[in-house]
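Please look over the sequence and the model displayed here before reading on.

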Amino acid sequence: VDELLEFWNSGVYYSRTAKHALGRLVRCVLVPLVCDLPAARQTAGFGQYNAKFFCSMCRLPKNDIDNLDPSSWPSHDSEAHRMAAQAWKSKLTTSARQTAFEEHSVRWSVLLDLPYWDPVRFTVIDSMHNHYLGLLKHHCRKIWGMSAAVDDADDDSQTIPEPSPEDIALAFDRLYAGTSKDLLACKRSVLLYLCSVIGILRGKTTKTHLVRLLLEWAGPTPGPRRDTIAAERSLLAGNSANTLKTKFNKDVFVELCTARALLVTGTKDDLIKRLIAWRNSRDVPPVTANPPAPGRVNEPSETGRSRGPRAQRGPEDTGAVLGRQMLKRIHEQLPRTELPSWVDRVPSNVGTKARGKLSADQWHIFCVVNLPIILIPLWGLGEGRPRQMLDNFMDLVTEVVIGGLLEMTEEAIQVYETVALRYLRGLKELYSTTITPNQHNSIHIASLLRLFGPLHAIRTFFSERMNYLLQQTNTNMHIGELESTYMKHACRTANLRVLLQDENVRREAQDLIHAFEDTQAEDRRGTRHRESTFLGVSGSEEAGPRKEVELSSECFKALVTYLNEQAGQERYVDIRQLRRTPGLQQLSSHAISCRSVFLGGVSFLGHSESPKDSNIIFRSPCAPDTELAGRILQIFEYQTRDDHGDPVNQTYLFVAPLEELSANEASRDPYRRYAYVGGRLCYDSYLPGIIIAKDDVIAHFARTPVD
C-alpha cells in the first residue's frame, strides 16, 4: 500500500522503458479487489456471510435475507464505511472492537489508506465462485440432491403411514413444550405425519425443514400447555364432540382454532364443530415426494453449505431429483454429445462417490450444455411440477451464460437481472428454501457488469491458474530471490505465448509450438482457454501437411457459385467449360489443402480429420443475418486475381448445412423455448455443400442425436 501511495501521489519515474529511451513518469491505481468472497471481505474489512450486514454492496440485514426486492435494499455508502472502519480502528480493546463490529459489520483495512479506493464498488464478487462453484453446484447438490447413492424422488402420491399413538403424543409434546433439538430427535416419518394432519404444505422433506415448518405453524408459546396438547391428541385421534366438550375448557378450543386460522367466535359447541369439520377435511392426505435437498442446520454459508451438524440422509429419505435412476440416464446420454476438443468434457460417472469433486469448468459444462440437452425432452413437453423445475433451472442457466459473455450491453444486463430474480423467486416457491448469501450476491453482479463490463477480467480463473503454475515453478527456495525467479519465469512464458500466436510463426514453427505446449503439461481446455484466446485473435491456417489437391466437382461448383455471388455478377467460370469470354477469369479445380483453420484461439477441422471439431455455427453467405448449423467437409486455400491482375489467396471452407425444421415443427421445438441457452433441433440430414469464408465461422456447437 505504501508503494501504491507513492504511485498515486508523486508517481514513479523510470529512467528508461522499452518505448521511451529518455524515461517515463508512471502513475497507477488499484481498482478491483479480485479474489474469492471470503478473502475479499477479509481484505476489504467487511464482515463474513454470517455478520449482521452480510453483503458488501448493500446494507440488507441478515434477518431480511429472503427479501428479493432490490429496490428496497438499503444502499452501502463508501464514506459511511470509512467512518465505521475508523471507529473500529480507534477502539483500544478487543471487546470494544467486537462491539463496534457487531453494530456495523465493518473492520479497518489497510486499503482504506488509499484515498481513491472505494471499498463498496471496488470489492468485486467473483463470478467463478458465485456462478459455477456457487449457484450451479448448489442447485444440483443441495436443491436437487444429486447423488448416485439415493433413489429418485417419486412423483406419484404416497400415503403416509400412521405412527404409533405414543410417537404422535411424544411429537406433540415436543412441538408445544420442547425445543427444535427435541423435535429433530423425532423420526422423520412422524414429522411428515404431523405436517400432513395439520395441513402444512411442504417443499423439501428433510427433518430440518419439517421441524422449521412445524415450529412456524405452532408459533411462540408461553410455556407447557398440557391441556392444549391433550386436546390436540384427542382431536386428531377422532374423539367425538361430546368427549371433547366434557374433557376440555373453551379457551383450549379457542387456542386450537386460532392455530388453524378458524373463527374463534361463538359457543364452545361452535368451536368444537369447526374443529371436527376441519379434522374431517384433513383426513391424512397423500404426500407428494418433492425433491429433497440435504438438510441445512444453523447458518448457510456462502455457497449454501451447512455449518454444524447436518440432517443425515438415510433409508427414510424419499429421494432426489438427480438420484440413482436419473443419473444413470444422464450417464448414458453424456457420450452421445459431440463436444469440441477444447471443451472440458464432464466425467461419465458424475454424481457418484468415486467421481468426487468437479472443477468449476466441469460444473459449467454439465449445467449449461449437458443438462439442458437431457432434461428439456424429459420435462419440457408437458406441464406441472417437472416443467416448473425445468423453467426455473433454465433461468439459472441463462443467468450464468449471460454473466459469462465476453461482450456486454445494457440490454444483456437487464436480461441478467430479470432471470436472476425470477430464478430465486421460483426457487423459493418450488422448494421452500431460504436464500443464501451467495444467491443474494448474484443479484449484485449486474452492478459489476455496469461498472467493469464483461466479467472475464475480474474473476479468479486466471489467479487460480497462476497460483498453480507458480507452485510448479522450480526455485532454489531462497527468500528474497523467489520473487525475481517467479517474475522472470512468468514474463518469459507470457512473451513466448504471445509470440507463438503470431500467424507467421505458427506457420513456420509448428514443431516448436507442439514442443512448447507439451512442456507446459497443463489442460488448455474450457472457460479459461475460451476467455484467454477468443478476444483479439485473428484467424489463420494451421501449419501441417499442405499439398495441392483437386477439388471434388461438388466443391468446385460451389466455389464458382460463391465467388460469382460475392462479385455480384458472373466473373468466374470453370476452365473446363472452354468459355473464352473477355472479362471472365478461368478457374482451375486445383487448390491447396489445409488440415485446419485457427480462429478465435481454437482449431476447426474437417469431418474426416475430427468430427467433433467440424460441427460449426456459421453465417449464411446469401443472408449474413442468418445463422446456420453444419459440418465442415473440407478446408482449402485458393488463389484468384483482383481487378488489377494481382494474385489473391484466401481460405475457404466447404460446409454441409444441417436441414432446418419446417416452420410448423420449429414452433413445437421445446429447445427453442429458451432463447439464450436452449439451442434448437434440426433434421438429421445434411443439405448439399456450400462455400463459406473463414470469417463466416461463428463457433463450434455441441451436436447430439435425439431420438
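This is a predicted model: local features need pLDDT of at least 70, side-chain atom pairs count only at pLDDT 80 or more; totals for chains, interfaces and linings use all residues.

Residues are numbered from 1 along each chain as its sequence is written, and side-chain values use heavy atoms, with hydrogens and water left out.

Helices (H or I, at least four residues) and strands (E, at least two) are DSSP runs, numbered from the N terminus, and two strands pair if DSSP finds at least two bridges between them. Strand β14, which covers residues 647–660, takes part in the antiparallel pairings listed below.

| Partner of β14 | Residues of partner | Bridges |
|---|---|---|
| β13 | residues 627–641 | 11 bridges |
| β16 | residues 690–693 | four bridges |
| β15 | residues 682–686 | two bridges |

Individual residues mark these contacts: Phe636 has Tyr652 in β14 as its bridge partner, Phe654 stands opposite Ile691 in β16, and Glu660 is bridged to Cys682 in β15. The hairpin of β13 and β14 has five residues between the strands, and within this hairpin Gly645 takes a positive phi near 85°.

With a relative accessible area of 26%, Leu470 is partly exposed, a class that lies between buried (under 20%) and exposed (over 50%), as computed with a 1.4 Å probe on protein chains only. Leu470 and Ala490 are 20 residues apart in sequence, and their C-alpha atoms are 8.4 Å apart in space.
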